[in-house]
Amino acid sequence: MACGFRRSIAYQLSRLLDLPPENLIKSISAVPISRKEEVADFQLSVDSLLGNNNDHSRPDIQVQATRLAEKLKCDTVVSEISTGQGTVNFKINRELLTKTVLQQVIKDGSKYGLNSELFSGLPQKKIVVEFSSPNVAKKFHVGHLRSTIIGNFIANLKEALGHQVTRINYLGDWGMQFGLLGTGFQLFGYEEKLQSNPLQHLFEVYVQVNKEAADNKNVAKSAHEFFQRLELGDMQALELWQKFRDLSIEEYVRIYKRLGVHFDEYSGESFYREKSQEVLKLLDSKGLLQKTIKGTAIVNLSGNGDPSSICTVMRSDGTSLYATRDLAAAIDRMDKYNFDTMIYVTDKGQKKHFQQVFQMLQIMGYDWAERCQHVPFGVVQGMKTRRGEVTFLEDVLNEIRSRMLQNMASIKTTKEVENPQETAERVGLAALIIQDFKGVLLSDYQFSWDRIFQSRGDTGVFLQYTHARLHSLEETFGCGYLNDFNTACLQEPQSVSILQHLLRFDEVLYRSSQDLQPRHIVSYLLTLRNAVIQVSAFQCWIHLLMELGFDFFKLRQ
Ligand code: ARG
């Protein structure tokens, strides 16, 4: 929140530089506590003020910083002004710092940081976030899991910042797999199994019919025919398809709930069969569609026939493809939501796909294509459950729960809890999410159950543990002290460090909301944890702050 300190510094600067304070606020940042030698709380980067590149060593920058520092005056807010490398540094009056930060935390509670001057004046936007998007009857793999937690994080953060967010799950609910499923279900399906465990049963049927179709031409043919019937709108075939879809969604909703994830819309590729045909006509009318000798249709994006910039949008039988359906879906969402930004969260393997989709929208004349953004993430290797490869989201959740329960049982200091299953799941999920969010989203990483469940170090388990400890202190001692504290007791360096760290929370939120990387918030929370375990005076209320960090990851429900 920085508690208005940035604004106060900006006012003084604005008079001196004859610039509006709003333009100065973003050049003033809280000094990270990792830079121990700094006693200042805020710094003004002279470079960013002048809109220059970041060459702090340039002598003129230093001269300008010194000149500026000389002209500035201490006041009731700022008690010391100095210079650093290309910066002017400000130390806030200690008593004011303590009082203001604590009061702000108490007042704002889980909204601390969100009312910051960094966000004031930011227009409320309509944001569509499309994430998770598994394929019905196919594996729910680690990529879908990552998309789910990352998309959920982005949606939570944007919502917390006051934007209007629509969460869409775009299911893979169309294509040849339903031809196979239709045929497979007639051969090996059981109605009871479908009703009681649809995801599992459809997957089994799908695996079996795939094997069968490879050896038996008749099965393959009948699958083809079934899909043809679907494409032609045959009522009976569509009814079965609808049942598969509905039952799968019911199950998804139940499982997503365990993760604290929900969607405003369960959409899917099936919605865009007909609209894709309109897209093809539109492409054709604009002279962008080219027929090939094979009978398929392509869009040539570079104009010079370079094969890597060709996108196939129609099969030889006239049906649409993944990319065509994405074009139709994007146009439809624009009509429906009139979004300012649309974010797609998938693994980096789909980078080119989205580039091509956005480019095609652009050449079709949709200027809003530039409001579409793909957030790609890297591959996680080696996530296995005791049953083997991850096939269902539920497998991962159950594995997390059982491993964590085992860990809890093996640690002597574990307290008896009312609902060990639920506690194990919460703590385990925190472990998974923190591990996943620690690095740059685009990086691949090797997964290890042992590493994520370590109870010490930079793990979600340790974060949850610290939070629980602080919470229990508060339960023991009550919250009365919150209204009546003595600022003089919080002046030793470790306490000031925590106050300084709190000044930075809004910047961290701002950063994550700009580059959509959760790692800034994770590393903020880990630093907060490290700082707080050293200072007893803060322990009683700092859990509030951890909770609000957790909110973005849905580690608290
Ligand atoms: N169902 C797809 C898959 O599992 C992901 C969908 C991503 N979103 C999209 N609009 N194409 O690979």
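Predicted model: local features only at pLDDT ≥ 70, side-chain atom pairs only at ≥ 80, totals over all residues.
Residues are numbered from 1 along each chain as its sequence is written, and side-chain values use heavy atoms, with hydrogens and water left out.

Arg258 belongs to helix H11; helices (H or I, at least four residues) and strands (E, at least two) are DSSP runs numbered from the N terminus. Is Arg258 buried or exposed? Its relative accessible area is 18%, so Arg258 is buried, the term meaning under 20%, with exposed over 50% and partly exposed in between (1.4 Å probe, protein chains only).

Let me turn to the nonpolar cores. A nonpolar core is a set of buried Ala, Val, Leu, Ile, Met, Phe, Trp, Tyr and Cys residues joined through side-chain atoms within 4.5 Å. The largest one has 129 residues, and those touching the most other members include Phe42, Val129 and Leu230. Helix H11, residues 235-259, gives this core its largest share, 11 residues. Leaving aside neighbours within four places in sequence, Leu230 is in contact (heavy atoms within 4.5 Å) with Trp174, Phe178, Ala237, Leu238, Trp241 and Arg273.

I come now to the ligand. Which residues surround the ligand? They are Glu130, Ser133, Asn135, His144, Tyr170, Tyr322, Asp326, Tyr344, Thr346, Gln350 and Phe354, where a residue counts if one of its heavy atoms lies within 4 Å. A nitrogen atom of the ligand is 2.7 Å from an N or O atom in the Glu130 side chain, and a ligand nitrogen is 2.9 Å from a polar backbone atom of Ser133. On the side chain of Gln350, a polar atom lies 3.0 Å from a ligand oxygen. The ligand taken alone exposes 350 Å², of which the protein buries 89%, by the Shrake-Rupley method with a 1.4 Å probe. Helix H13 (322-337) and strand E11 (341-347) are the elements that give two or more residues to this shell.

How values were computed. Polar contact = N/O pair within 3.5 Å; in protein donor to acceptor, adjacent residues only side chain to side chain.
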